[in-house]
Amino acid sequence: MIRAEQLSKIFYMGRGNTVTAVQDATFSVSPGEIFGLLGPNGAGKTTLLRMLATIITPTSGYCWIDGLRADQAPDRIRRQVGFLSGNTKLYGRLTGREVLRYFGRLHGMSDADIARRTGQQVRLLDMSDFIDRRCETLSTGQTQKVSISRVLLHDPPVLILDEPTLGLDILTSRTILDFILDARNRGRSIIYSTHYMTEAELLCDRIALIHRGRLLAQGTQEELIAATSAASLQGAFLALVDRKEDATK
Amino acid sequence: MNLRVVTTILRKELVDLLRDKRTLILMVGVPIVLYPVLFIFGSQAAVIQRTRIEKAVFQVGIPRDADPTLKEWLKRIPQISVQKFDDAESNLRQGKLEAVVVSEGNLESRLASGESVPIEVRYDATDVESQEAATRIAEGLKKEQETLLQARLAGVGLKSDYVQPLKVERKNVASSAKATGTVLGMILGVIMVIMLGLGAFYPAIDLTAGEKERGTFETLLSTPATKHEIVTGKFLTVLCLSLLTGLLNLGSMVLTFAFQLGQLKNQIGQFEIDLPPHVVATILVVLTPLAFFISAIMMSIAVFARSFKEAQNFMTPFFTLLMFPAILAAIPGTTLTTATQLVPVMNVSLLFKDLLIGQATAQGILAVLVSTTVYALLALAAAVWVFQREEVILSQERGLPLTLRRGEFVRRRLPTPGMVLTLFAASLILVFYAGTYAQSRSPHVGLLITEWLLIFLPVILFFWYTRVDIFTALSLRIPSLTAALCSIAMGFAVVIFSLQLSVWQNQVFPIPDEIAKQLEQIVKVDQAGLNIVVLIAVAALSPAICEETLFRGAILSGVRQILPPWTTWIAVGALFGVFHISLHRMLITGLLGVFLTYLVWRSDSLFTGMIAHFIVNATSILAVNERLPAPMLRWFDEKQLMQYGMPPRLLAAAGIILILGIVMLEWEGRHRRENDG
């Protein structure tokens, strides 16, 4: 469902200065699978996800979503994808319902479908108290619930979620995580980026560890731990980073 | 393009903006409330003031020893109270009197002997009441003079025609509607540019930089809407609000004006407006492409900013620039010609002028509509291009350090566009004030001060302070031999073209004598009193080094990061043209700037720009001082030049040199890139 091959992104900072944000990332995600992208801040997670969501174009390499190559059909790919990141905020002067209607229309949904799906989401995420309030008046948790609804409104087969629980309380986090697990159970392909190890352990079927733009390793939790002889996922990550640093020296 | 997507974006953006108080106040509040209030209170205040002055009785003083006849004459003037004072003038200065009338000697006897009696009416020109008193006295005494003249002429048996052999009368054939139209025509263009600009200003920022700042741009980009659909939806929103603001303002102004017309007629006499429906319709039709142009260009500028505040900083100077052509059009005597039809904004303003005085032609209207639409489409194409650039769309505010301490600045190889624009603005202000002053004191010392202390030094200090790598930013690299030779040859070719251009320009806008004299003072050996070598060092070498450092060094390095090559050449060239603060030199220096920018951009060395700039300046100085070889001097002979222009063969040769130079530089550039890459 999602396939990335040798995906790289180099930012040109002018006159020969470059920053390599992602280098040669290769992986795939099947339907009904949550693929975790685990790495510290600045590792290149968001850039990688932006490329998959066709927000930015890769410098080299390709990615396919649902059989479509991103550089050939970016608009069609965006119909298949729900993308959520810290940079995909909501319009403060619109209400939650208006936001959902707006994005539903941009995804080509009919008004009747939008109303039906909005009703379902409001019930499932318990948003009836605030769905008709302007987004600028909502709390962080309420805002994130509306954001998750925006991503899922058109029921895309692929979800790209960049740290969706960042800054949320435990209860809201649990609701959101349950929602993501439900989407997986309905056969959605999900890429889930986080720097919380516990979340990755809880949610992800397979995990890729990313550091300084490179995927250090990927596999199931058990495979990663076994490959590094570490006691935990965190230990595996640290061991891989150390190994990489030593190799660079 | 999916129309449903575009209308969805348009509707959402309109709702979003109209929910914002700032938009509502600026768009609706200002026109609907401000004009009537300003106009009503303004005109009422004027009426009250006028009535008060008309009804006032002014205190007029005469010296205690003044002739009684003078007092008699003054007493006959209505609403004047005449009193004698020992020191009437000091009372006038203290504001106790509105005017003082002084006359020497015995008036009756002087008049009887046929002499003229000098009478002085002293008043305070800074005081409205004193001015009015002086006018009343002058008019009253004029009547006395007519009576006395009639009596004198009757005494010698002559008619008044005898002393007035010519009766010259100026008769205005313009209808009052045309006169009003002329005044309105002069201001309508400026007002509409301001109003359309104000209408587009805030939405253009809010929908681009504002959206970036609020972090919603990426949300929109994650939808299936294409960039074209997004730009179109947003652009239509800005256009709608710009037009709405423009029309609300125009409507409110017309209504307020019409409402107050009766009162104005009483106050200032003949005052009529003749606006047939077809004129109003044409104004509205022409407003649309103008709003289109302003909206598109404002949007493409605002999108470069990373925050609302930064966008305001970008847009404010641009808005002022936008008004400039409209102000030029308001100058009496400027008319819609084949050339001015092509100048954006100015053409529309001039057409308004013609429409309001009933002199617009179908050809003029069509030409303005077509040229404005072409500019509008180009501006929209630029906006679409900018939106395609992910580094522009996704850039986010990094901001200045909290304090402006040098240590807080991050070391960087190149300056940001914001930094170089700040540098440009600071240099422009320095040159405008300090440079103009220094050059007025001493042209050559002033020029040296301007170039080295006000242009060159600020660049070095600014980059040092903000920790920009001076060598990289200024492209201080030794040029290749090819690039150096090209800059020399192309420099000579450009001299030929700039002279030909100045001939053409002179035919349309002749150079004023004052400016020509000022230039001669600087570049002519006999007037400058300097040796030719020193003169070339001061007026050719210094500008070549200093101006290139600012423009092709600093500004180019900032601007090229956000603009594509051709726009970079034009933008830096245009700034170079504006920098010379001379309407007459703007076009030619601007085009020279475009050439020099290309040269440095392609050769990656500031020195090529310096070489070519020096050649252009030095050749001109040598030509003006007749120090070139005799055959060449013929080309530069002013009379020959003005009559025939440059010889066609020479122009062709210069053209070939330029093309060859470009081909060689491009070839070398490609070769270098291949080696680098």
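This passage describes a sheet with its helices in chain B and one residue of chain A.

The model is predicted: local features need pLDDT of at least 70, side-chain atom pairs count only at pLDDT 80 or more, and totals for chains, interfaces and linings use all residues. Residues are numbered from 1 along each chain as its sequence is written, while chains are lettered from A and ligands numbered from 1 in the order in which they are written.

Strands (E, at least two residues) and helices (H or I, at least four residues) are DSSP runs numbered from the N terminus, and two strands pair if DSSP finds at least two bridges between them. Strands β2 (80–85) and β4 (119–123) of chain B form the edges, each pairing on one side only. On average, neighbouring strands of this sheet are turned by 25° against each other, direction ignored; axes are lines fitted to C-alpha atoms, for helices over the stretch in contact, and angles run from 0 to 180 degrees between N-to-C directions.

Strand β3 (residues 99–103) of chain B pairs with β4(B) in the antiparallel sense over 5 bridges. Within β4(B), I119(B) stands opposite S103(B). Helix α6 (residues 128–155) of chain B packs on the sheet and touches β1, β2, β3 and β4 of chain B, where contact requires C-beta atoms, placed from the backbone, within 7 Å. The direction of this helix makes about 160° with that of β4(B).

In chain A, N185(A) belongs to helix α6 (residues 170–185). N185(A) counts as exposed because it has 9 C-beta neighbours inside 10 Å; a residue is exposed if 12 or fewer other C-beta atoms, placed from the backbone, lie within 10 Å of its own, buried if 20 or more do, and partly exposed in between.

Technical notes
Two residues are in contact if their C-beta atoms, placed from the backbone, lie within 7 Å.
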